[in-house]
Amino acid sequence: QVQLVESGGGLVQAGGSLRLSCAVSGRIFSRDVMGWYRQAPGKQRELVAYITSENSTTYTDSVKGRFTISRDNAKNTLYLQMNSLKPEDTAVYYCAADTDGSGITYEYWGQGTQLTVSS
């Protein structure tokens, strides 16, 4: 069974840094597009960043220059390094896998990890 498990969330002061991790099992991880989404209460879910099997990365404008997505295929792990955090980054962050090559939808999701940034 495919499982994605996020970790690394917590409470951080504005301007601080944190790294999220996503451990993937049950997949040939290196073949998949992997993404990080976030969702604040009452707000629409947003794709923050994604990384392809060729290690091409894409970021939403609000996090460019601050967040870095990466993957370690040997460890079947996805990362999101978050620097210069702002209160508006507060959300539940989800790891997701696009396994069918659509480039549009993500078929598998983790349970989410909470990030709270205090001002």
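1. Charges first. The chain carries 11 positive and 11 negative charges, and their mean positions are 4 Å apart. For this count, Lys and Arg are positive and Asp and Glu negative, with His and the chain ends not counted. Each charge is placed at NZ of Lys, CZ of Arg, CG of Asp or CD of Glu.

2. A word on what you're looking at. This is a predicted model, where local features need pLDDT of at least 70 and side-chain atom pairs count only at pLDDT 80 or more, while totals for chains, interfaces and linings use all residues. Residues are numbered from 1 along each chain as its sequence is written, and side-chain values use heavy atoms, with hydrogens and water left out.

3. Now the fold. The chain has 0 helices and 11 strands; helices (H or I, at least four residues) and strands (E, at least two) are DSSP runs numbered from the N terminus. The radius of gyration is 13 Å, close to the 14 Å that the globule rule gives for 119 residues, so the chain is as compact as a globular protein of that length. That radius is taken over C-alpha atoms, and the rule is 2.2 Å times the number of residues to the power 0.38. Along its principal axes, the C-alpha trace spans about 40 × 25 × 25 Å.

4. Buried residues make up 39% of the 119, where buried means under 20% relative accessible area, exposed over 50%, and partly exposed in between (1.4 Å probe, protein chains only). Of the contacts (heavy atoms within 4.5 Å) with a separation of 6 or more, 53% are between residues 24 or more positions apart.

5. Have a look at Arg 66, in the loop between strand S6 (57-59) and strand S7 (67-72). Arg 66 is buried, at 9% relative accessible area. Its side chain joins that of Asp 89 in a polar contact of 2.8 Å. Such a contact is a pair of N or O atoms within 3.5 Å; within protein, one must be able to donate a hydrogen and the other to accept it, and residues adjacent in sequence count only if both atoms are side-chain atoms. Leaving aside residues up to four places away in sequence, Arg 66 touches several residues, including Met 82, Ser 84 and Leu 85.

6. Two backbone angles deserve a glance. Most residues other than glycine have a negative phi. Asn 76 has a positive phi of about 50° although it is not a glycine; it sits in the loop between S7 and strand S8 (77-82) and is partly exposed at 23%. Ser 84 also has a positive phi, near 50°. It lies in the loop between S8 and strand S9 (91-98), and is partly exposed at 42% relative accessibility.

7. Pro 87 lies in the loop between S8 and S9 too, partly exposed at 36%. Not counting residues up to four places away in sequence, Pro 87 touches Ala 14, Val 117 and Ser 119. Its C-alpha atom is 9.7 Å from that of Leu 115, 28 residues apart along the chain.

8. Lastly, Gly 10, in strand S2 (residues 10-13), is partly exposed at 27%. With residues up to four places away in sequence not counted, Gly 10 touches Leu 18, Gln 114, Leu 115 and Thr 116.
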